[in-house]
Amino acid sequence: MESSASLLQRQKQSLVLTPQMMESIRLLQLAHPELHQFVEQEIEKNPFLERAANRAISAGNPRIGPTTGGISDRASQWKSIRGKNNVQPGGNHAFEDSWTSIETLHDHVARQIALSAFAPLERRIAGELAGHLEDTGYLPVNLSELARSLNVREAVVERVLGTLQQFDPPGIFARTLSECLEIQLRQLDRFDPAMAALVANLEALARRDFQTLKRHCGVDEDDLLDMLHEIRALDPKPGNRFQSGGPESIIPDVLVQPSPGGGWQIELNPDTLPRLLMNQNYFAQVSRLSAQNSKDQSFLNECLQNANWLIRSLDQRAKTILKVAAEIIRQQDAFFEHGVAHLRPLNLRTVADAINVHQSTVSRVTSNKYMLTPRGVFELKYFFTVAIGSSEGGDAYSAEAVRHQIKAMVAVELPDEVLSDDDIANRLKETGIDIARRTVAKYREALNIPSSARRRREKRVRLRCQSSPGGGGDESGS
């Protein structure tokens, strides 16, 4: 029996991504600092690219409301929110002057070292220890290794450290939380054996295991409450009261304000948009000079193509961000009007279908992008939450809105009326939210809210501390 071979032709479509297409996709995901860095690199490589003045890009939408001019006024209002470390060039430099005059923790420590009666070797050791000091005031250093590197005895380093631990603010140069609290208690002359046992059992304190603490400290409940009150008055991170440098600020990519005619005005923040121009005149001049050299002409044409591609890609990126932001605002209009309790369930596909793009595009656009609204600054991904069903068959609820309600319920609890997870689930069901107890527990843990038993103990301790003599002080404990 003869076998015959047959030839079959098949057609198959496949999408081939060119390097420029892949780069355009990557531009969508870049946050504005990385984007500006990328653009600067392209300007250095391409002689035909140059910066242009920024201008606002606005979105109009029948529900959102028409956008008008006035971006300079709104941008100036926005800049006033950004803080001292973001004063714009050419503006009022009084903020910058006052900022540089703020003393840092390391400046404060250096001044105290200079005024201390250290011997030359001790002053050198003190400087080395200060160089390892963290902004929180802690000293993450191995004294034995430091002594070997300085070629001195470890006892000398410990003696210098003991002096530094008496510096202001109390608690600095500690190597652990226990040591930090001990230093502060010693300076207050309150480090007795009972307090030493309490500081040595901070894990039991974190668990609110008061029975174990009473046993280790050898005190009754009233004495323990007084000791806890003193511990809460201490500062677990004494260095944080000093400014260690300009705080990192979030610069929003999208600016949202109420429209005078109703709805919302949406604009891209011009400070996050690198604007580029292609210098056609320069290209024409250089092309004439290089007309006879094919290699040079090929290079110039490549630069021209790259310049045009980058300008188009940046423009497309800006428009895509604006379209996604506008659709988010349209979908979450109730949130902007009434707050987080009215946040709706939303997924990437819903937005992608509405603006006719792939959902991976929406995912890239919403990564590391922020929106400034009258209710604060939010990452674009914040508005995408899963749905919680309605027990009454109505619209679903946003998981973020449910978490907000759980947090609000716990915030108004009384010591004798602490809600269990079952209680919270039942109360939510009474409002129409179909939620299981285990889901409540998961959301509660995500919000760092302790269990009902721990909350009950903690509230009773705080109530006793506030009602005791000298109560009502600082509750910011370790």
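Me: Over the face of which residue does Arg403 lie?
Reply: The model is a predicted one. A charge counts as sitting over a ring if CZ of Arg is within 6 Å of the ring centre and within 35 degrees of the ring normal. Arg403 is placed at 5.0 Å from a ring centre, and the ring belongs to Tyr443.

Me: Why is the pair of Phe335 and Phe336 edge-to-face?
Reply: The structure holds 10 aromatic pairs. A pair of aromatic rings is described by the distance of the centres and the angle of the planes. Planes over 60 degrees apart count as edge-to-face. For Phe335 and Phe336 the centres are 5.1 Å apart, and the pair is edge-to-face because the planes stand at 80 degrees.

Me: Are Phe335 and Phe336 buried or exposed?
Reply: Both residues belong to one aromatic cluster, which also includes Trp264, Phe378, Tyr382 and Phe383. Buried means under 20% relative accessible area. Phe335 and Phe336 are each buried.

Me: Which element gives the most residues to the largest nonpolar core?
Reply: This core has 31 residues, and Val254, Met371 and Phe383 have the most contacts inside it. Among the elements that give two or more residues to the core are β3 (254-258), β4 (264-268) and α15 (294-331). With 8 residues, the element that gives the most is α15.

Technical notes
Residues numbered from 1 in each chain as written. Predicted model: local features only at pLDDT ≥ 70, side-chain atom pairs only at ≥ 80, totals over all residues. Heavy atoms only, no water. Core = buried A, V, L, I, M, F, W, Y, C linked by side-chain atoms within 4.5 Å. Buried < 20%, exposed > 50% of the residue type's maximum accessible area, 1.4 Å probe, protein only. Helix = DSSP H or I, 4+ residues; strand = E, 2+ residues; numbered from the N terminus. Phe/Tyr/Trp six-rings, centres within 6.5 Å; stacked < 30°, edge-to-face > 60°.
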